[in-house]
Amino acid sequence: MADAHAAAYRRLYVWEFPVRLYHWVNAICVVLLIATGFIIGRPIPITYANEAYQQYWFGTVRFIHFVAAFVFFFNFLVRIYWGFVGNRYARWRNFIPVTRAQWQEMVEVLKVDILQTDIKERISIGHNALAGLIYFLSFLVFLFQAFTGFALYSSMSSSFLPRLFAWVVPLMGGDFAVRQWHHLFMWFFVVFIIIHVYLVFYHDYVEGRGTTSSMVGGWKFEREDRLNP
Amino acid sequence: MAETHPTLWQLMQSKGYSRREFLRFCGFAAAIAGIKGTGLAAVVEAFENKPRPPVVWMHFQECTCCSESFIRSSHPIVADILFDYLSLDYTETLQAAAGFQAEKCLEDTIKKYPGKYILLVEGSVPLKDDGVYCMIAGRTALDILHETAKDAAAIIAWGSCASNGCIQSARPNPTQATPIHKIVNRPVINVPGCPPIGDVMTAVVTHILVFGKMPELDSQGRPKEFYSRRVHDTCYRRPYYDAGLFVESWDDEKARKGYCLYKMGCRGPVTYNACSVTRWNEGTSYPIQSGHGCIGCSENGFWDNGPFYRHLAGFPGFGIETTADTIGTIVGVAAAAGVAAHAITTNIRKRKLISENIHESVNTKETGEGGEN
């Protein structure tokens, strides 16, 4: 813990540019997708002064949803690629708990940060193991949304990519069911955003090492005596 | 076979139809079956020369609405397909024979024309308790289906019952009603709908007669010709959808103006059928044109996707009025509350740690130590 003498900090380049770019493109897409998705699910009543040939706003909302979906999907593919070539903090190993150390870290994070039964300072430089696992689960939800979304889109498209997912519709029992699940899993993103943004602020506040700004500039700060060589 | 089953042309001649009327019928049948203009000769050829195929039309767990729809096909002569052109050897609803005679007809057809007769099935088959919930002439539907399907040239599942189980298979499906394609181990043409459009049924049969093979099917076994597009895609109210002009409640001004019924739970956007193209009852209308949303009657499990007047289904296990949005909102609010509670807890539990950190940074500033390397 904090001793009387001040600690020396080292600046660490954690999030490489592709990771940061992925994060913000993803964030913008998700927000757009949620907003437009809500409107598509329940169109807002607007003033009905115009005739149908004078406006196209609902078509535009859907168009934004589809464009954002394509960007979201390819952006995610780039991130998967980066999971194999990026630095140690971006590697796929961070997201899949296979080692004993990762499971131990998860228990520790639960105790220290979530339940706060253990009051001490603990840090991970990149993702902690619990966050990694949550991100991995969210990647699965990304895929689920992409599969169901493209499946719904496939019947109005003759392009190659959406047609690849046409099989999802009969598998899930029809467009109605696919739409229902696509809609339900949208809420995952809402909940994810609430918790994710809060925890970033929490870590920044408690640990004071630039968690929030790290996703802008890529830098985090770590006490030298805690750094593993 | 040819001597007992004259061709359609022979039949029409004997009834006093002219060649012109025959050709008009061929043109109509070709158009409705989606056969392109150059294929008309094949249709004429088939109706002129091919002997009438025997047809066995089975009725299992159903309401006969498919039969009713079929005999209301638009063209007056199309109805004759049923009674004249197709040699209807067995159909419980329409046949003249009864009892042992009727069963003998079925037996004879299967024995006399193996691999030649067309099997049309209306209704689902119950599997529970050895299938005792649907018995005809002392035998289970399952038994009869296996026997008739074995040597059929083609099998068509009429309607949603035979294609996907329809209302009998709605939760909790007490008789374990099962669609035909899940029972017979052969390709089945699914023509879903409750009922399917009469003209679509005619067209499917016409296709088989003319080309002697199945029409092109999609991944769910439905003829692509009629089920590849959603009701929504060809709906005449579609422009209102894209313009964001929706009916907000029944009988409001927007309903009177004929705006899109999407918010009233119309299933057009998730339903694959030809209603908005062919329409019903000689092209008179279809549900949306009549001011009511589509209920998606040709889709799998549409009875369980209720309520019909809302676009999000009730969520199973959470009560009838619970939708995905209700659950989502509850979870979202819970997350926000949890986060707020956690923030408060943090400030209490980690009070000391945070103040130490602040203290440390203040010290650092004063002594000028540490900082960036």
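Trainee: Of the contacts in chain A with a separation of 6 or more, what share do residues 24 or more positions apart account for?
Mentor: Remember that this is a predicted model. Take the contacts in chain A whose partners are separated by 6 or more positions. The part of them made by residues 24 or more positions apart comes to 65%.

Trainee: Which pattern does chain A follow along the sequence?
Mentor: Start with the inventory: chain A has eight helices and two strands. Then read along the sequence, and the order is β-α-α-α-α-α-α-α-α-β.

Trainee: What percentage of chain A counts as buried?
Mentor: Buried here means 20 or more other C-beta atoms within 10 Å of the residue's own. The C-alpha trace of chain A spans about 75 × 40 × 35 Å along its principal axes. Of its 229 residues, the buried share is 24%.

Trainee: Now chain B. What radius of gyration does it have, against a compact globule of 373 residues?
Mentor: Chain B holds 15 helices and nine strands. Its C-alpha trace spans about 115 × 50 × 50 Å along the principal axes. A compact globule of 373 residues would come near 21 Å, but chain B has 30 Å.

Trainee: What share of chain B is buried?
Mentor: Consider its contacts between residues at least 6 apart in sequence: 68% join residues at least 24 apart. As for burial, the share among the 373 residues of chain B is 42%.

Trainee: Which helix gives the most to the side of chain B that touches chain A?
Mentor: On that side, 49 residues of chain B are in contact with 42 residues of chain A. Helices α11 (238–242), α14 (324–349) and α15 (351–367) of chain B each supply at least two residues. With 10 residues, the top contributor is α14(B).

Trainee: How many nonpolar, polar and charged residues has the side of chain B that touches chain A?
Mentor: Sort that side by class. The tally is 16 nonpolar, 19 polar and 14 charged residues.

Trainee: What is the handedness of the crossing of α4(A) and α7(A)?
Mentor: Packed helices are described by an angle and a distance between their axes. For α4 (residues 129–154) and α7 (residues 175–207) of chain A, the axes come within 9 Å and cross at roughly 145°. The crossing is left-handed.

Trainee: How many residues of each class has the contact of α4(A) with α7(A)?
Mentor: From α4(A), the contact residues include A:Val141, A:Phe144 and A:Leu152. From α7(A), they include A:Trp181, A:Phe185, A:Phe188 and A:Arg179. By class, the contact has nine nonpolar, five polar and two charged residues.

Key: Residues numbered from 1 in each chain as written. Chains lettered and ligands numbered in written order. Predicted model: local features only at pLDDT ≥ 70, side-chain atom pairs only at ≥ 80, totals over all residues. Helix = DSSP H or I, 4+ residues; strand = E, 2+ residues; numbered from the N terminus. Buried ≥ 20, exposed ≤ 12 C-beta atoms within 10 Å, placed from the backbone. Contact = placed C-beta atoms within 7 Å. Rg over C-alpha atoms; globule rule 2.2 N^0.38 Å. Nonpolar A, V, L, I, M, F, W, Y, C, P; charged D, E, K, R; others polar. Axes fitted to C-alpha atoms, helices over the stretch in contact; angles between N-to-C directions. Left-handed = near helix turned anticlockwise from the far one by under 90°.
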